[in-house]
Amino acid sequence: MRGVLLPLSLGLAAVMAPFALAQETDDAALMAEAAWDWRPGDLIFRDGLNEIDGVIKRAFGLRWESVGILRPSSGGPRVVYVDPSEGATEEMLYVYVDGLSARDYAVYRVREAGREQARPGQMNAAQMNTAHMETGQMNTGALAQPALTVFYGAPSDDGLMLGDGAFYSAELVYEAALNAGIVLGAPIRLSDLAANPDDLDRGLRAHLEDHRYCRYELSFEACWANSLGQHAIVTTGSLIGSGMLERVFP
């Protein structure tokens with residue numbers, strides 16, 4: 001009987017081997033470490049996520065369109081960001097940077113907060129679980145904490161309005177930093193970016209013509225003069241230009 005079982009077991013092992021290998025590959029992808037020595041709260045800048053972010057980038061000649069906040073989890077690092085349909089949400093880091101080379105995204109860290117993090121990055125699942133057992137909660141990081149507990153699930157903000165309960169990409173990071181006592185630069189008035197409506201980038205003007213400020217104005221020019229020109233926004237450029245961030249990758 002043992003002689004029969006042995007070939008059967010060997011045959012079963014041969015059949016199951018591809019499935020085990022696939023499972024190991026999936027697990028490896030899921031638990032893939034970041035390409036840098038990551039820390040909770042790192043900011044990951046990239047393109048191609050949100051149409052309005054792309055409009056702002058082209059209008060003001062920015063380097064990056066969108067930005068997300070990295071946080072640890074028991075399944076691996078995740079990124080909190082603004083999706084155009086889902087609003088403030090998150091996904092696994094390896095999904096967030098899937099298909100991107102080191103030229104296609106950049107990582108910045110808040111200078112002060114980077115020194116305050118209790119645990120440096122490159123935490124694998126075992127280390128994260130240890131952190132959980134030692135502290136009762138994982139060290140989410142000063143920026144990711146409000147993004148998860150206060151802003152998570154909030155809608156996407158096509159009106160580019162600060163403080164209205166909806167968020168665009170740079171605003172999520174800016175507001176999360178403010179909640180942590182960190183000021184990543186200052187909002188910029190549209191009139192400081194364009195002297196008059198005719199100077200606006202065509203794509204941005206088309207977007208702003210539907211702005212809530214302009215609904216009851218006789219013309220876009222009147223809307224600009226009465227309110228929209230004084231409207232202030234934050235951008236990926238203003239975050240990086242704040243002097244509070246240092247690039248850590250690439």
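Leu43 touches Val67, Gly68, Ile69, Ala106, Val107, Tyr108, Leu143, Val173, Leu184 and Leu245, where contact means heavy atoms within 4.5 Å and residues up to four places away in sequence are not counted. This is a predicted model, in which local features need pLDDT of at least 70, side-chain atom pairs count only at pLDDT 80 or more, and totals for chains, interfaces and linings use all residues. Residues are numbered from 1 along each chain as its sequence is written, and side-chain values use heavy atoms, leaving out hydrogens and water.

Leu43 and Leu184 touch the most other members of the largest nonpolar core, which has 45 residues. Such a core is a set of buried Ala, Val, Leu, Ile, Met, Phe, Trp, Tyr and Cys residues joined through side-chain atoms within 4.5 Å; buried means under 20% relative accessible area, with a 1.4 Å probe and protein chains only. The largest share of this core, six residues, comes from α7. A second, separate core has 13 residues, including Trp36, Ile44, Val79 and Val97.

Helix α7 spans 169–179; helices are DSSP runs of H or I with at least four residues, strands are runs of E with at least two, and both are numbered from the N terminus. Nine of the eleven residues in α7 are buried, among them Leu172, Val173 and Tyr174. After α7 comes Gly181, with a positive phi near 80°.

Ile182 lies in the loop between α7 and β6 (188–189). Ile182 counts as buried because its relative accessibility is 9%. Leu143 is 39 residues from Ile182 in sequence, and their C-alpha atoms are 8.9 Å apart in space.

Notes:
Buried < 20%, exposed > 50% of the residue type's maximum accessible area, 1.4 Å probe, protein only.
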